[in-house]
Amino acid sequence: MRISFSVPASFLLSGEYCITQNGGLGIAAAGKPAVRVHVHIHRSSAGNIRCISRMGKSYSKENLLSKRLHDPLLLAARDSWEREVGSLKNIPVSADIHIDSTSFFHSDGSKRGFGSSAAACVAICTALAHLHPRGLLLTRLNIARIANNMHRRFQGGRGSGYDVYTSTLGGLGLFRGGINPRWIPLNESGFLLQEKYLMLWIINSQQVVSSPESIKSLNQLQEKDPKLFEQLFDDNQILHTSFSDGDDLLAFLKQARDIGLRIGEAIGVSAQPPECIR
């Protein structure tokens, strides 16, 4: 028996940095490319849950039930699942979980910025939900929460969770950051109607931006100039709180862009696009 599904990429349209704060708001969308997942179930046996993954140029094949499991992401996935759902030893079958996220990487193996590790956690969590006896009890929100805990565990406790929630719940949504994130679906029709006016570009520049270092700079700003930090955060919150379905998304994103540029300038991480598209 085989089960196949895909996990979409995640794109943060607004609220950069602010979503890392408790209650911080941002709008995100799910879309192509997608992680492809195939689960081959072997009902004649049990005791093996193999995860075969391709991420960029890397390839791995490990048994989630093995005591010698060493892949950090798989370790985080197993520990989080067993803590929140139940032992993987309770799965009554053997299975091979094939995860292919090569479309999330450039040909040289570098990431394209589509949330590859978050999508991988969603893929693993969804696959286990199909296999585990308690999987049928899980809603999409349950899977988003469990996958987010997997991802945070993999990243040492960090992560807003917007990428996990976007890839799990799909569509267009308002994300609220925090220990327990929230996702509020938005009407996609308004977004789709504006596609002929709006083009979203993901620009891969030669300058690599480190998310942990950027967040560190944000925290330093919060300590050194709390008044400026609060002003930038409040401006973001007011803008997102005032947005509702049917509003002009393009006008909204222009205002959100301006806030993002101000935050980037304040923390020393430029968010200016290349001259050719300004």
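Reader: Which residue in E4 does Arg50 stand opposite?

Author: Arg50 has Asn63 across from it in E4. Keep in mind that this is a predicted model: local features need pLDDT of at least 70, side-chain atom pairs count only at pLDDT 80 or more, and totals for chains, interfaces and linings use all residues. Residues are numbered from 1 along each chain as its sequence is written, and side-chain values use heavy atoms, without hydrogens or water.

Reader: How do I read the pairing of E3 and E4?

Author: Strands are DSSP runs of E, at least two residues, numbered from the N terminus, and two of them pair if DSSP finds at least two bridges. Here, E3 (residues 49–55) runs antiparallel to E4 (residues 58–63), with six bridges between them. Two residues separate the strands of this hairpin, and Gly56 has a positive phi near 65°.

Reader: Is Cys121 buried or exposed?

Author: Check the relative accessible area: under 20% is buried, over 50% exposed, and in between partly exposed (1.4 Å probe, protein chains only). Cys121 comes out at 0%, so it counts as buried. Back on the sequence stretch of E3, Cys51 is buried too, at 2%.

Conventions:
Helix = DSSP H or I, 4+ residues; strand = E, 2+ residues; numbered from the N terminus.
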